[in-house]
Structure formats: structure tokens, C-alpha cells
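Here is a short briefing on backbone geometry and surface charge. Please look over the model first.

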Amino acid sequence: QGAQVQSATFSHDGSMLLTVSLDGEGKLWCAESGRLWCELCGQPGGVLCGEFSADSKWITGASDDCTAIVWSAETGHCSKILAGHDDDVKSAAFSPDASMVVTASCDGTAGLWMAADGSRIRSLVGHDDVVKSAMFSYDGLRIITASMDGTARVWNVDPGDCLQVLQGHAKAVNSAAFSPDDQLYLTTSFDGTVRVWEAETGECNLVLHADNKVVNTAQFS
């Protein structure tokens, strides 16, 4: 009997399923047959999370040794190790064209990396606490980060400037995301709310109160 599965993610083409278990194992499954395709391998530490590139050819995710990893979705082999954070990595995500990876770390920064060679492009510095998540906009020009400091921040990919600070949550922000048209932001928080923000102004236009006291994630349709 295997360890408890903490996450499961479909590839964008729907052919594969990635599971990550609490024992640090990442496995790829054929979505149609349910058979095990391969295991993620070659990384020095355990797998904490993972997600596919838009073309479903690559996977990136956080490892438990302060690095992020890029794996081949075809073989499961480690392609690149993204090393440079000073503390644990909480999340990793591809840019829409899979040329870059953005990471969120307990060291209070987000990192921007070249996926092809694993080199660090720059660090996004400004949060006062752990950065819980980071993701690209759908046009690939911006990044949004969520932090334990109670804020989310929006950044230019190049040159890495902070464009907006989204303030309003009473406690730590767990996740932040763009709407598919990049016109709205979505944040979730330990304060039990989900907030929707106007991208143009950075103003909150909707607050949703959850039944429980913590909201971990939320997504646009």
C-alpha cells in the first residue's frame, strides 16, 4: 500500500495524470488505461508538487531540498535542477511557452528561471514573509505571487518590477491567480475569504466568505 496522495493533476492534453504522494514520490499514469507510465526520478530530494507545461511535454515542481525540478513527461527523468533559493520551495510553474519557470520560496522571494538550462534570470524581492505561490499571466508578461505577509504582488517578468501590491486580506494569502483573459486576479487566504481584484486598478471588487476558516486554493473557470 502506497503513501497518501496529496495532489493529482491532468496534463493539458488529458492523456496523462501526475500524482504526488506524502512520501515524496511523483508518478505519471496513463489517463485512459490507468496504468503506471513512469515515476519522476533523478532529483536529489522528494517531490512536493508538480504541474505540466502547456504542451504537456514537461513537468516542473518543488523538491524538499530547496530546489525546483524540470522533468521530461515522456520518461520522468530529471532534466534540470533549479538551485538558488535559501529555503524550501513551495511551488513552481511554467510560463505559457514553457521557456521559463517561476518558483515561490520560504526565503521570501520568487525566482525566475530559464527552463532550458536551469539558470536563474532574477529574483523577485519585496515580500516580508514566505512566498506561498507564484504563477504567470496567460500572456506571459506578468507574475502574481501570494505571501504569508498578507499580500499578493503583481510583477513584470522583465525587468522584474513590482507593479501592484494587493492589500486587504486580514491574514496570510495562500494562493493567487490570473483570470484566463488576465483582466482579474483571484486570491485566497487564511482569513477565510476569496477576493477578486481588477487587474487594471488593483482594486478589490468582490469578497467571497467561505464556510470554513481557511481557503487554500480557488480557480477561475
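At 10% relative accessibility, Ser56 falls under the 20% cut-off, so Ser56 counts as buried. The model is predicted.

- Ser56 is not a glycine, yet its phi is positive, at about 65°.
- The loop that holds Ser56 runs between β5 (51-52) and β6 (58-62).
- Cys66 is not a glycine either, and its phi is positive too, at about 70°.
- Cys66 sits in the loop between β6 and β7 (67-72).
- Buried, partly exposed or exposed: which applies to Cys66? Its relative accessible area is 22%, so Cys66 is partly exposed.

**Cis peptide bond**
- Asp158 and Pro159 are joined by a cis peptide bond.
- Omega for this bond is about 20°.
- Where does Pro159 lie? Pro159 belongs to the loop between β15 (151-156) and β16 (162-167).

**Negative surface patch**
- Which residues form the negative surface patch? They are Asp64, Asp86, Asp87 and Asp88.
- Asp64 is placed in the loop between β6 and β7.
- Cys66 is found in the loop between β6 and β7 as well.
- With a relative accessible area of 45%, Asp64 is partly exposed.
- Patch residues need over 30% relative accessible area, so Asp64 at 45% clears that cut-off.

Definitions and conventions. Residues are numbered from 1 along each chain as its sequence is written. This is a predicted model: local features need pLDDT of at least 70, side-chain atom pairs count only at pLDDT 80 or more; totals for chains, interfaces and linings use all residues. Side-chain values use heavy atoms; hydrogens and water are left out. Helices (H or I, at least four residues) and strands (E, at least two) are DSSP runs, numbered from the N terminus. Buried means under 20% relative accessible area, exposed over 50%, partly exposed in between (1.4 Å probe, protein chains only). Patches are made of residues with over 30% relative accessible area and no salt bridge: like charges are joined within 9 Å, nonpolar side chains (Val, Leu, Ile, Met, Phe, Trp, Tyr) within 5 Å. Accessible areas come from the Shrake-Rupley method with a 1.4 Å probe; for residues, only the protein chains shown count as cover. A salt bridge is a side-chain nitrogen of Lys or Arg within 4 Å of a carboxyl oxygen of Asp or Glu. Lys and Arg count as positive and Asp and Glu as negative; His and the chain ends are not counted. The place of a charge is taken as NZ of Lys, CZ of Arg, CG of Asp or CD of Glu.
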